[in-house]
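Subject: The structure, and what turned up in it

Hello,

Here is the structure I promised to pass on. Please open it beside this email and follow along as you read.

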Amino acid sequence: MHDVLVIGAGPGGSACAYWLADAGWDVAVVEKKRFPREKTCGDGLTPRSVRQLTDMGLAGALAGAHRHRGLRSCGFGLTMELAWPRHPSFPDVGYVITRHDLDQLVAERAEKAGAVVYQGTEAAEPVLEDGDEAPGRLPRCTGALVVDRATRATRFIRARYVVVADGANSRFGRALGATRDRGHPLGMALRGYFRSPRHDDEFIESHLDLRVGGSEVVPGYGWIFPLGDGRVNVGVGLLSAEGKYKGINTSHLMSAFLDQAPRSWGLSPQVSCGPPTGGKLPMGLSVAPRVGPTVVAVGDAAGAINPMNGEGIAYGYETGRLAAACLGRALSGEGTAALDDYERQLEDAYGLYYRVARDFVALISHPRIMEACVRTGMRSQTVMGVLLKIMGNLMRGDEIGAAERTYQGLAAIARAVPGL
Ligand SMILES: Cc1cc2nc3c(=O)[nH]c(=O)nc-3n(C[C@H](O)[C@H](O)[C@H](O)COP(=O)(O)OP(=O)(O)OC[C@H]3O[C@@H](n4cnc5c(N)ncnc54)[C@H](O)[C@@H]3O)c2cc1C
């Protein structure tokens, strides 16, 4: 019997396992794939992710990855370079590193701290125990029936607590009864690798005027993230609020973006490194319940992606860390009450910000509003700097500037008019 069983070794699961093992707990992780493994992602690390990786002792390991110093924002013929803001808690740099490499680094870090990581091992079914069922809570889960994907051998792994960290599709979480609230926006994204002469550009680039054919602009953005190894990660992300934009084919959007991207990147099907792959982005803490008497969900399995920018790696690390701290308290004798505190901490850390984000998404889902915002914003470095800070969740608590004041205004509206 382990103290904790973690299902999935992506950012959420590996960070949770690292912090638990670092605190001396007996942690087992099951990961259905074998590292290194491909993972569909934009591979972009913002300062929030860099902070978490640094805290896990991985600053040195990042040194080999491609470093960037900000975001180049493009739209309607205008371009603006925005450096990452100075912040007391976050560095002013980001990185681009393939998830192929990154996820292995963090899983190995967890292993070095003492976690046991069973690779090629899939959690097929939760082990459930009767009792404690309550509406709005996950059931009591004390382990999983796992399958070795090479031999098909099955066995049970039991633990006092279980962490659901199996990503956006979260089959394990669904088996426990977690569902995504369809009232929240959902992101859909597609990415591919391309060889590019600008593979070592020092800015990541986003394009805010995505459209298919002669359509109006769609809520979302196209990105070009330089990897520094001859390749760039190119993708499109689309926000679907209230089922709107569900019909848009992301492959068509990607082709349109390749045509519209600046020629200097040299993007074309001829320099593609393989067919693009896509996935869903559950955002705004849209998946619930997230807590039961012996179980918590983290990362995409909790729908933790930031709706403002589609960033999920940092939120996987952060929610994994928050969960680890609460699980440590539960194991130290506080029991279930400490897990309920995880839910409170999620609300404190992200609740209001994600409500503001939801209103923001509802607003930019109107193509004309989206276009007006981008056209206006792109004329002012100050406005775009404010937006970068708000959308990247990089506001300061110690100094109130334009971004913080704007956010406070938006938050006051979100509080006063819930579900605007
Ligand atoms: C196209 C695209 C681009 C994106 N770009 C960015 C970006 O540039 N920056 C950013 O910050 N975020 C980005 N995101 C979001 C980001 O990828 C996710 O938010 C992040 O991966 C969430 O981490 P996680 O640990 O919760 O889940 P995951 O990374 O999905 O990890 C879950 C792990 O669980 C394993 N697993 C699943 N089921 C089981 C099971 N039953 N048993 C055992 N193991 C299991 C999986 O193999 C996987 O390794 C992007 C997403 C997409 C789709």
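Residue numbers start from 1 along each chain, following the sequence as written. The model is predicted, so local features need pLDDT of at least 70 and side-chain atom pairs count only at pLDDT 80 or more, while totals for chains, interfaces and linings use all residues.

**Sheets**

Helices (H or I, at least four residues) and strands (E, at least two) are DSSP runs, numbered from the N terminus. Two strands pair if DSSP finds at least two bridges between them.

Seven strands make up an open sheet with mixed pairing, in the order S6-S5-S14-S15-S16-S13-S17. Its edges are strand S6 (78–83) and strand S17 (277–282), each of which pairs on one side only. On average, neighbouring strands here are turned by 20° against each other, direction ignored; the axes behind such angles are lines fitted to C-alpha atoms, for helices over the stretch in contact, and angles run from 0 to 180 degrees between N-to-C directions.

Two bridges link S3 to strand S7 (residues 94–96), and Leu 45 stands opposite Tyr 95 in S7.

Strand S1 (residues 2–7) is worth a look too. S1 runs parallel to S11, with five bridges between them, and Leu 5 is partnered with Val 162 in S11. S1 also pairs with S2 in the parallel sense, over four bridges; there, Ile 7 stands opposite Val 30.

Which residues touch Val 163, leaving aside its neighbours within four places in sequence? Val 163 lies in strand S11 (residues 154–164), and its contacts are Val 4, Val 6, Ile 7, Gly 13, Cys 16, Val 296, Val 298 and Ala 323. A contact means that the C-beta atoms of two residues, placed from the backbone, lie within 7 Å. Val 163 counts as buried because it has 29 C-beta neighbours inside 10 Å. The cut-offs are 20 or more other C-beta atoms within 10 Å for buried, 12 or fewer for exposed, and partly exposed in between, again with C-beta atoms placed from the backbone.

**Helices**

Helix H10 (residues 381–391) lies across S5 and S6, at about 55° to S6. Val 386, Leu 387, Leu 388, Lys 389 and Ile 390 of H10 are buried, and the buried residues of this helix pack against S5, S6, H9 and H11. Just after H10, Asn 393 takes a positive phi of about 55°.

In helix H9 (residues 367–377) you will find Ala 372. Ala 372 counts as exposed because it has 12 C-beta neighbours inside 10 Å.

Helix H8 (residues 336–364) and helix H11 (residues 402–416) have axes that come within 9 Å and cross at roughly 85°. H8 and H11 are therefore roughly perpendicular, the word used for 65 to 115 degrees (under 35 is roughly parallel, over 145 roughly antiparallel, and the rest oblique). Leu 352, Arg 355, Val 356 and Asp 359 of H8 meet Leu 410, Ala 411 and Ala 414 of H11.

**Ligand**

Which residues come nearest to the ligand? Of the 41 residues around the ligand, they are Gly 8, Gly 10, Gly 167, Gly 299 and Gly 312; being around the ligand means having a C-beta atom, placed from the backbone, within 6 Å of it. Elements giving two or more residues to this shell include helix H1 (11–22), strand S2 (27–31) and helix H7 (313–334).

**Backbone spots to check**

Cis peptide bonds join Phe 35 to Pro 36, with omega about -5°, and Ala 288 to Pro 289, also with omega about -5°. Pro 36 sits in the loop between S2 and S3.

Asp 43 is not a glycine, yet has a positive phi of about 65°. Asp 43 is in the loop between S2 and S3 and counts as buried, with 28 C-beta neighbours inside 10 Å.

Best wishes
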